[in-house]
Amino acid sequence: MKRFLALLCVAALCLSAFAGLAVAEEKTKVVIWTNSRADYDYVLPCIEKFNETNESNIEIVYEVYSDNYQQVLELGFETGNGPDLYCTSGPVWSNVTYNGQGRPLNDMLTEEQYAFFGGEKAFVNTINMKDGDILSLPYSISTPRLVYNKDIFERAGIEKVPETFEEVIATAKTITEKLSGEGIYGFAINLKGPASALGRTLDYMMGPTAGLINGYNFKTGRYEFDKVTEIVAFLRQMFADGSAFPGCDQLDIDPLRTQFAAGRIGMYYSYTGAEYGVYTNQFVTDVDWDFGPLTGNGTRVGLQNADGGKWYAMSIDTKVPEAAFEVLSYLESLEVLSGSYEQGLHISMIDEVIKNSEVPAAIQAHPLMAKQETDGLYPIAPTGVAIEGEDYYNVFAGHILGIPGYEDLDALAQDLNARYNAALDKGIADGTVKEVVYPNFDPMNPAGSMN
Amino acid sequence: MLLPNVIMFSIFTLYPVCWVLKYMFYQYDKVHEPIFIGLDNFVRLFTRDPYFWKTVGNTFYYVGLKLIITLPIAFIVAVILNRKFFGSETIRSIIFLPTIMCSSVMALIFYLILNPYSGALNMILQRLHLIGAPINWLSYQNALTTCVIVGVWGAIGNYMVYFMAGLQSVPQEIYESAELDGITAPQKMFKITIPMMMPVIKTVVMLALIGSFQDMQSIMVLTEGGPNGASDVMFLYIYRMFFPVSATTASTAQYGYGAALSVVCASIIGIVTFAYLQATKHMDDIY
C-alpha cells in the first residue's frame with residue numbers, strides 16, 4: 001500500500017512538473033487582423049520568421065478578412081474578441097481608431113523610431129494622430145489613378161492617355177464603338193458598393209477640382225456638394241453613352257479586376273498601392289496595363305488627396321501592449337518595409353526606407369505609382385456626423401446609373417448640402433461632432449495649412 | 001429547474017428587448033454618451049425618412065411574392081413526394097438541401113450564376129440563342145424579383161417538410177371510406193386533404209410570413225439592398241443602422257434610431273400576423 005502511495009505521489013509530482021513546463025512554454029499571442037490581401041504572400045513568411053526567431057516568446061496570429069472588414073472588426077471589439085493589432089487604413093481609421101479604439105503609442109515609441117519614420121512631418125493630427133496621441137505609424141501612401149489597358153488602347157488607335165473628363169469620355173466611347181463586339185468596353189466602375197466606387201473616384205477627384213474632401217470645405221466648415229456635380233456628370237456621361245461595362249451596378253472591385261485582367265475593360269480607377277500587387281499575385285494577367293493620371297477638369301485648385309500615413313493600430317483593449325508593440329516594431333522595421341517596398345507591395349512614404357531600398361521594379365514599370373508632387377495628405381472631414389436619409393454615395397450612384405428619381409443633379413446636390421449641414425450643426429450642438437474649420441486652409445498645401 | 005431557463009431568457013431575450021425599448025428614445029452612436037431625445041426618432045421615421053418606407057414597400061413585395069410562389073409549389077411537391085416511389089427519398093433530400101445550406105453561401109453562388117458580366121445563366125441562354133445580349137438580373141428593375149426567386153429556392157424544402165408532416169397526419173381511414181364511395185383524385189384533394197390540413201396550412205403560412213419578413217442575409221450578399229435601394233428590405237436597413245457599411249469614408253452607427261426602427265418593424269410584423277390570425281380563425285374549425 002505504501003509503495004502504491006509513493007508511486008502515486010511520484011506520478012503526481014511528475015504530472016505537475018510537466019504541467020508547469022507546459023505553462024512556462026505557453027506563448028504570448030498577438031492577434032493581427034487585416035483586410036490587405038495583396039501583400040499576404042510577402043507578409044506571411046515574415047510572420048513565420050518572427051514566430052520562429054523572436055526571443056520574447058511571442059506568437060503572431062495573422063488573420064486576413066475580405067469585404068465588410070470594418071463590420072467584422074467592430075463586432076470583434078464589441079464582443080471582446082477583437083485583435084491586438086489591426087490594419088487601420090481607409091474608413092477604419094476615422095470610424096474605429098480615431099473614434100476611441102486606438103491605443104496611444106507615444107509611451108512606447110523610442111526617439112530613434114520617431115526619427116526613422118520622419119519625425120514631425122510624418123506624424124500629423126487626424127492623419128495618424130489624435131490630439132497629440134500617436135495612434136498609428138507612418139507606412140505607405142496610396143491614391144487612385146486611372147488604370148488602363150495599353151493593348152486595348154493600341155487596338156482602338158488611342159495614342160494619348162486621357163487626362164480630362166472630356167478626354168476620358170471620348171476614349172471610353174471610342175473603345176466601346178470599336179471593340180464592344182468582342183465584349184470589350186471602355187470604362188468600368190464597381191457600383192455594387194457605391195461608397196467603394198465613388199470613394200476611389202469622386203472622393204479623390206474633388207480635391208483637385210474643388211478643394212474638398214467628402215464634400216466638406218475645411219475653410220468654411222460646410223458641406224458643398226454643389227461643387228462636385230461636374231465629376232458626377234462626367235461619370236454619368238459614360239453610362240449615357242453606353243461606354244460602361246454591362247452590369248457595373250453589380251460589380252464589386254475584385255470581380256471588376258478579374259474582368260480587367262481578362263482584357264474586357266479599357267479603363268477604371270483604383271489605388272496605386274493595390275493594383276500592382278493584385279495583378280502580380282492575386283489575379284495574375286498578361287494584360288499590358290499602366291497608371292494614368294487621375295482625371296480632372298483641366299484646372300487644378302488643390303492637391304490630390306492621398307491615403308497614407310498609417311498602417312496598423314493597436315487596440316485600446318489589448319491585454320499585451322508590450323508584446324503587440326514589439327510585433328508592430330518588427331512589421332514596421334526597415335527589414336520588413338524595405339522588402340515590401342522593393343517588391344512593389346506598398347509605396348513607402350518613409351524616406352529612410354526609400355533611401356535604403358532599390359527602386360522597385362513596379363515603380364520602374366509604372367512611374368505614376370510613386371508619390372507625385374500633386375499628391376498630398378489632407379485632414380479628415382468631421383467624424384460622427386449622423387446623416388438622415390441616403391448618403392451622398394448612394395444619391396450620386398443613383399444619378400450615375402440613371403435611376404428614376406435621381407435625374408436632377410443640382411437638386412440632389414442641394415438636398416445633400418441641406419441634410420449634411422443640418423446633421424453637422426446638430427452634432428456640433430449636442431457635442432457628438434467636433435467642429436473642424438481651418439480658416440487658412442489651402443487645398444494646394446493641405447497638411448501645412450491646418451491652423 | 002426553471003432557473004437556467006429564466007437566466008437564459010433574461011440574458012438573450014428580456015435584456016435585448018429592454019435595451020431596445022430604452023434606446024429608442026436616445027441618440028446614441030456608441031462613441032459618445034447617449035442623449036435623450038424623446039420621440040424624435042419616431043418623428044424622423046414617420047416624417048423625414050422616405051427611404052425607410054421604401055424598404056417597407058420592398059419588404060411587402062418580397063414577402064407577398066415569395067409566399068405566393070413558395071407555398072403552392074411546396075404543397076404540390078409535398079403531395080407528390082408523400083407517395084413512395086423509386087428515388088422519392090433522394091428527391092426529398094435534394095429539395096430539402098437548400099434549407100440546411102448557409103443562406104449567405106447560397107446567395108454567393110446565385111450571384112455567380114446571375115451576375116450580368118460573367119454569370120452562368122446568361123451564358124447558357126446566349127449559347128441556346130434564347131437571348132441576344134446578357135440580361136442584368138440584378139438591375140434596378142429586376143433585383144428585388146431575383147431576390148424573391150433565390151428566397152423561394154431556399155424555402156421550398158423547408159415548407160415541403162411541414163406539409164408532408166401535415167399530409168401524414170390525415171387519417172387513412174377517411175381516404176379508404178371515401179374510395180369505397182367512388183371519390184375521384186381531385187375530389188380527394190379538395191374535399192379531404194386540403195380541408196383536413198387547414199390548421200397545418202394556417203400555421204405554415206404564419207411561420208412563412210414571419211420568416212419572410214425577417215429575410216435579409218441572402219439579399220445582403222446578393223445585392224446589398226441595391227442598386228440604390230431597389231432590393232433593400234426593412235431589416236437590412238436596421239442592420240446598417242447598427243453596422244454602417246462604408247468602404248472608404250466615415251459612417252456613423254445610429255443605435256437609437258435603429259432601436260426605434262426595430263420597434264416599428266416588429267409592430268408591423270405583429271399587426272400583419274395578428275390580422276392574418278384573425279382572418280383565418282375559421283380554419284381551425286374544420287375538424
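Residues are numbered from 1 along each chain as its sequence is written, and chains are lettered from A and ligands numbered from 1 in the order in which they are written. Because the model is predicted, local features need a pLDDT of at least 70 and side-chain atom pairs count only at pLDDT 80 or more, while totals for chains, interfaces and linings use all residues.

Confidence comes first. pLDDT is the predictor's confidence in each residue, on a scale from 0 to 100. Chain A has an average pLDDT of 89, and 94% of its residues score at least 70. Residues 17-23 of chain A are below 50, and this stretch makes zero contacts in the model beyond near neighbours in sequence. Two residues are in contact if their C-beta atoms, placed from the backbone, lie within 7 Å. For chain B the mean pLDDT is 88, with 97% of residues at 70 or more. Within chain B, helix 3 (residues 50-81) has the highest confidence, at 94, and helix 8 (residues 172-180) the lowest, at a mean of 87. For the complex, the predictor gives an ipTM of 0.79 and a pTM of 0.80.

Next come the contents of each chain. Helices (H or I, at least four residues) and strands (E, at least two) are DSSP runs, numbered from the N terminus. Chain A contains 18 helices and 16 strands. Its radius of gyration, taken over C-alpha atoms, is 25 Å, close to the 22 Å that the globule rule (2.2 Å times the number of residues to the power 0.38) gives for 451 residues, so chain A is as compact as a globular protein of that length. Along the principal axes, the C-alpha atoms of chain A fill a box of roughly 95 × 55 × 45 Å. Chain B has 12 helices and two strands. The C-alpha atoms of chain B fill a box of roughly 75 × 60 × 40 Å along the principal axes.

Chain A is divided into domain 1 (27-141 + 308-365) and domain 2 (144-305 + 380-449). These bounds come from an automatic or database domain assignment. The C-alpha centres of the two domains of chain A lie 27 Å apart. In the contact between them, 15 residues of domain 1 meet 11 residues of domain 2. On the domain 1 side, helix 4 (residues 91-101) of chain A gives the most, with three residues.

Strands of a sheet pair through backbone hydrogen bonds, either parallel or antiparallel. Here two strands pair if DSSP finds at least two bridges between them. One open sheet of chain A has four strands in the order 2-1-3-15, with mixed pairing. Strand 2 (58-64) and strand 15 (312-314) stand at its edges with a single partner strand each, so one side of each is left without a neighbour in the sheet. Neighbouring strands of this sheet are turned by 25° against each other on average, direction ignored. Strand 3 (residues 85-87) and strand 15 of chain A pair in the antiparallel sense over three bridges; Tyr86(A) has Ala313(A) in strand 15 as its bridge partner.

Another open sheet of chain A has four strands in the order 8-11-7-12, also with mixed pairing. Its edge strands, strand 8 (185-187) and strand 12 (289-292), each pair on one side only. The twist averages 30° from one strand to the next. Strand 8 and strand 11 (residues 265-271) of chain A are parallel and share two bridges, and Met267(A) in strand 11 is the bridge partner of Phe187(A). Helix 7 (residues 165-179) of chain A packs on this sheet, touching strand 8 and strand 11, and its direction makes about 165° with that of strand 8. Axes are lines fitted to C-alpha atoms, for helices over the stretch in contact, and angles run from 0 to 180 degrees between N-to-C directions.

Where the chains meet, 40 residues of chain A are in contact with 30 residues of chain B. Helix 4 of chain A gives the largest share of the chain A side, five residues.

Two local backbone details remain. The peptide bond from Gly226(B) to Pro227(B) is cis, with omega near -5°, and Pro227(B) is found in the loop between helix 10 (217-222) and helix 11 (234-242) of chain B. Asp131(A), although not a glycine, has a positive phi of about 50°.
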